[in-house]
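Please work through the following exercises with the sequence and the model side by side. Each task is followed by a solution that goes step by step.

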Amino acid sequence: MTRRFLFVLGSSRRDGNTEALARVAAEQLPDGVEQRWLSLAEHPLPDFEDLRHDSDHVRPEGDNRALLLHATLAATDIVIVSPLYWYSVSAGVKRYLDHWSGWLRTPGVDFKKTLAGRTLWGVTVQAHQEEEVAEPLIGTLNHSAAYMGMLPHCLKGVGGTPIGGVLLGNGSKPGDVLRDSAALARAKTFLTEEPPFARFPYDTEEAAA
Ligand SMILES: Cc1cc2nc3c(=O)[nH]c(=O)nc-3n(C[C@H](O)[C@H](O)[C@H](O)COP(=O)(O)O)c2cc1C
């Protein structure tokens, strides 16, 4: 099957570090792999409304929800490109993930079955030097992938040993990350690696097999 990568850009500014790092990683994808880049700032989603216990969600048509839903369903690989905001994903990315809850319950969409076995990737850049402060973001993506039956892989490239299959870049003002040589080196192979299965922390080896 042709790989189709959807890059979901979650920064609240244009041409930021996170997108720059993701573009370095995407340059390594082979010819024939499709790439689609969608900015949540340019295609903002409305606040998510939880209708789970009131009524069915209706399949969106003709708006940014429909655009993101169709793009997500069409992707074999979803790359969450989010700066580290308050130690987790940006509000735009969080809202996008909240909409997954609605799409899981939208008649005729079969969202969970469609996404199962597809790969969730993460690219993030943080200003903080110590990598471990990104744990909440890493946990959000890992656990979301585990819930969906997807494969997770986040990006961590600030030297040192990758923790739990996750890597990220370092920078504050736009362009900083392009001086993070460890992150750039990691980006060169990131999207071509074989990702491990997502597991919840309480999953055993046997349960995951
Ligand atoms: C609202 C906001 C929250 C942030 N929170 C954190 C944080 O918790 N930890 C951190 O290291 N950097 C934090 N930063 C810094 C950004 O992660 C950093 O500037 C990053 O390079 C921004 O990525 P971008 O250029 O792709 O937008 C924050 C920045 C903003 C605007």
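Predicted model: local features only at pLDDT ≥ 70, side-chain atom pairs only at ≥ 80, totals over all residues.

Residues are numbered from 1 along each chain as its sequence is written.

**Exercise 1. State how many helices and strands the protein has, and give their order.**

Solution. Helices (H or I, at least four residues) and strands (E, at least two) are taken as DSSP runs, numbered from the N terminus. On this basis the protein has seven helices and seven strands, and from the N terminus on they follow the order β-α-β-α-β-α-α-β-β-α-β-β-α-α.

**Exercise 2. Describe the largest nonpolar core and find the element that gives it the largest share.**

Solution. Begin with burial: a residue is buried if 20 or more other C-beta atoms, placed from the backbone, lie within 10 Å of its own, exposed if 12 or fewer, and partly exposed in between. Of the 209 residues of the protein, 40% count as buried. A nonpolar core is then a set of buried Ala, Val, Leu, Ile, Met, Phe, Trp, Tyr and Cys residues joined through C-beta atoms within 7 Å. The largest such core has 43 residues, and those with the most contacts inside it are Phe-7, Val-8, Leu-21, Ala-25, Val-79 and Ile-80. Among the elements that give two or more residues to this core are strand S1 (4–9), helix H1 (17–26) and strand S3 (77–81). The largest share, six residues, comes from H1. Nine of the 10 residues of H1 are buried, so this helix is largely enclosed by the rest of the structure.

**Exercise 3. Work out how S3 is covered and which strands it pairs with.**

Solution. First, five of the five residues of S3 are buried, with Asp-77, Val-79 and Val-81 on one side and Ile-78 and Ile-80 on the other. Next, take two strands as paired if DSSP finds at least two bridges between them. S1 and S3 run parallel and are joined by five bridges, and in S3 the bridge partner of Phe-7 is Val-79. S3 also pairs with S4 in the parallel sense over five bridges, where Ile-80 stands opposite Gly-122 in S4.

**Exercise 4. Locate Pro-174 and Asp-15, and decide whether each is buried, partly exposed or exposed.**

Solution. Pro-174 is placed in the loop between strand S7 (169–170) and H6, and with 17 C-beta neighbours inside 10 Å it counts as partly exposed. Leaving aside neighbours within four places in sequence, Pro-174 is in contact (C-beta atoms, placed from the backbone, within 7 Å) with Asp-15, Gly-16 and Asn-17. Asp-15 is in the loop between S1 and H1, and with 10 other C-beta atoms within 10 Å it is exposed. Most residues other than glycine have a negative phi. Asp-15, although not a glycine, has a positive phi of about 55°.

How values were computed: Contact = placed C-beta atoms within 7 Å.
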